[in-house]
Amino acid sequence: MKIINRILIVPIAVLQLICSSSNVVGQNAHTSKKNKKIEVYTTAENTNLRLSLSNNLISKPTSQQTNSTVSIQLDPDKTDQTFLGIGGAITDASAEVFAKLSPKKQQEFLSAYYDKNKGIGYSLARTNIHSCDFSSDSYTYVQEGDKELKTFNIDHDRKYRIPLIKKAIETAGGKLTLFVSPWSPPAFMKDNNDILHGGVLLPEFAQSWANYYAKFIKAYEKEGIPVWGLTIQNEPMAKQRWESCIYTPEAERDFLKNFLGPTLEKEGLGTKKVIIWDHNRGDMLTTRANLVFSDPEVSKYAWGIGFHWYETWNGGTPKFESVAEVHKAFPDKNLIFTEGCIEKFDATKFQFWGNAERYGLNMINDFNNGTVAWTDWNILLDQKGGPNHVGNFCFAPIHADTTKDELIYTPMYYYIGHFSKFIRPGAKRVIQTISDKNLISTSFKNSDGKVITVVMNQSDKEIVYTLKNHDLQNTITIPAHALQTIVLN
């Protein structure tokens with residue numbers, strides 16, 4: 001417990017002080033006239049910088065600096081995809097942990113994520129259709145064997161999850177883009193008669209299962225929770241020890257084409273955004289996209305394709321190129337990152353910086369390859385990385401020590417915030433070039449005209465770089481193992 005005490009950070013206080021420059025080791029040069037319309041925010045390892053305004057890292061260029069500087073060139077007249085939002089999943093686990101916090105800590109938590117001034121301004125959310133692994137137990141909304149769904153009700157969710165979602169929407173200013181995902185149909189609808197361990201949807205229950213989505217969406221909207229969209233199946237190629245169901249590419253296509261798509265239209269839900277795949281990057285991402293988006297009869301029901309980052313589970317590298325391939329082949333369809341987390345929970349690594357850098361690397365590359373939205377996994381877990389009914393514990397950006405009524409803010413929270421706080425829905429990605437691989441970067445132009453550039457340094461040394469935007473040029477120092485957001489007004 002002593003370790004937890006040392007690492008507690010309260011971001012609200014940090015973000016309230018965001019208008020004061022931070023004192024760090026760096027260049028203490030003055031700001032030129034050209035820099036009056038620029039703000040730099042920094043989070044860096046081994047410093048007190050956490051989303052901190054750090055304009056003291058802007059320097060007036062000298063010939064010596066210019067010769068050794070990395071260059072990031074923006075072309076704000078050339079843009080790509082339109083930004084939808086950034087957020088995380090409001091699971092049963094997150095809601096159950098939230099309910100154990102005091103009212104004061106609950107409000108701090110809500111502000112930390114959903115208040116765009118005091119916190120990091122999440123605008124996107126995902127939630128599960130009945131149970132997933134991050135639930136305390138397995139459950140559905142109907143009695144076993146009820147094909148007609150006469151017993152359907154969401155009473156289970158009214159205790160923890162629905163209240164948290166409502167509070168998140170309120171804190172976000174009354175609007176939160178929410179999409180929903182099932183982990184498995186009820187056991188009686190599957191060939192293995194088990195909500196866990198994979199299995200497939202039996203043909204005779206396809207219509208009943210399609211009706212289930214519609215009933216869920218309508219039930220949530222009756223509660224005052226608007227549902228923007230849905231994925232067809234979480235991780236449809238994974239047989240898990242928790243809730244899971246297998247769909248081949250053809251099976252997912254046919255279910256959408258013959259059952260889910262027509263059912264949503266029939267039930268007055270045809271405007272809901274349907275997301276296919278909802279699994280890892282790589283060859284299967286492109287396979288699903290090609291199969292569905294090339295068929296006009298099914299493509300008309302599909303808004304886009306979702307993906308996760310767990311293709312690296314066996315030690316490989318992220319397959320960012322598959323995201324780029326889909327974006328190039330189907331520019332009228334949308335790519336959305338639907339889930340990612342740091343697996344294998346270890347309480348000694350709450351402040352492990354490499355976890356945050358994994359987020360920065362993935363978010364920058366996904367956005368640069370055409371992704372419109374990015375969804376983290378659980379928004380909150382307890383001090384043990386749960387609850388999880390099969391012991392599949394993992395990390396979240398914020399953890400709660402429920403025995404002490406304390407919140408633990410990890411570096412991941414701040415790294416995500418460098419994007420979500422500043423890049424707002426409706427922004428357009430700006431095309432840029434960078435002269436050195438020691439830095440990676442992405443840029444967006446908000447609807448208010450502000451240009452946002454996020455720069456990451458994974459190296460062990462500080463780097464001086466020049467950010468160029470038409471006739472505006474600024475030289476900035478980024479510390480070692482740091483993430484910066486530059487706001488150009």
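I began with helix α14 (residues 411-420), which lies across β1, β17, β18 and β21 (482-488) and runs at about 20 degrees to β21. I noted how such angles are set: axes are lines fitted to C-alpha atoms, for helices over the stretch in contact, and angles run from 0 to 180 degrees between N-to-C directions. The element names come from DSSP runs, numbered from the N terminus: helices are H or I with at least four residues, strands are E with at least two.

I wrote down the ground rules next. This is a predicted model, where local features need pLDDT of at least 70 and side-chain atom pairs count only at pLDDT 80 or more, while totals for chains, interfaces and linings use all residues. Residues are numbered from 1 along each chain as its sequence is written, and side-chain values use heavy atoms, with hydrogens and water left out.

**Entry: the ten-strand sheet**

I looked up the strand order of the open sheet of ten strands. I read β2-β1-β21-β18-β17-β16-β4-β19-β20-β3, with mixed pairing. The edge strands are β2 (52-53) and β3 (58-59), and each pairs on one side only. Here two strands pair if DSSP finds at least two bridges between them.

Strand β4 (residues 70-82) and strand β16 (residues 428-434) are antiparallel and share six bridges. For Gln73, I found the bridge partner Thr433 in β16. Helix α13 (residues 353-368) packs on the sheet and touches β1 (38-44), β4, β16, β17 (439-445) and β18 (451-457). Contact means heavy atoms within 4.5 Å. The direction of α13 makes about 55 degrees with that of β17.

**Entry: the three-strand sheet**

I found another open sheet, with three strands in the order β13-β14-β15 and mixed pairing. Its edge strands are β13 (381-382) and β15 (406-409), each pairing on one side only. Strand β14 (residues 398-401) runs antiparallel to β15, joined by four bridges. In β15, Tyr409 is the bridge partner of Ile398. Helix α5 (residues 103-114) packs on this sheet and touches β14 and β15, with its direction at about 25 degrees to that of β15.

**Entry: salt bridges**

How many salt bridges are there? I noted 19. The rule asks for a side-chain nitrogen of Lys or Arg within 4 Å of a carboxyl oxygen of Asp or Glu. Side chains of opposite charge can pair when their charged atoms come close.

I checked Arg126 and Asp278, whose side chains meet in a salt bridge (2.9 Å, N to O). This pair links distant parts of the chain, 152 residues apart: Arg126 is in strand β6 (residues 124-129) and Asp278 in strand β9 (residues 273-280). Are these two residues buried or exposed? Both Arg126 and Asp278 are buried. Buried means under 20% relative accessible area, exposed means over 50%, and partly exposed is in between (1.4 Å probe, protein chains only).

Next I took Arg161 and Asp157, which also form a salt bridge (2.9 Å, N to O). Arg161 counts as buried because its relative accessibility is 1%. Asp157 is at 0%, so Asp157 is buried as well.

My last pair was Glu223 and Arg158, with their closest N and O atoms 2.9 Å apart in a salt bridge. Glu223 is in the loop between α8 (206-222) and β8 (229-231), and Arg158 is in helix α6 (residues 155-159), 65 residues apart. Glu223 counts as buried at 19% relative accessibility, whereas Arg158 is partly exposed at 37%. Shared partners join Asp155, Arg158, Lys166 and Glu223 into one network of salt bridges.

**Entry: Gln233**

I located Gln233 in the loop between β8 and α9 (249-266). Why does Gln233 count as buried? Its relative accessible area is 1%, so Gln233 is buried. A polar atom of its side chain lies 2.9 Å from the backbone oxygen of Trp183. Leaving out residues up to four places away in sequence, Gln233 touches several residues, including Pro182, Tyr247, Trp277 and Asp278.

Most residues other than glycine have a negative phi, and most peptide bonds are trans. I looked for exceptions. The peptide bond from Gly386 to Pro387 is cis, with omega near 5 degrees. Pro387 sits in the loop between β13 and β14.

His197 is not a glycine, yet has a positive phi of about 60 degrees. I found His197 in the loop between β7 (177-182) and α8. His470 also has a positive phi, near 55 degrees. His470 is in the loop between β19 (463-469) and β20 (472-478). With a relative accessible area of 49%, His470 is partly exposed.

Notes:
Polar contact = N/O pair within 3.5 Å; in protein donor to acceptor, adjacent residues only side chain to side chain.
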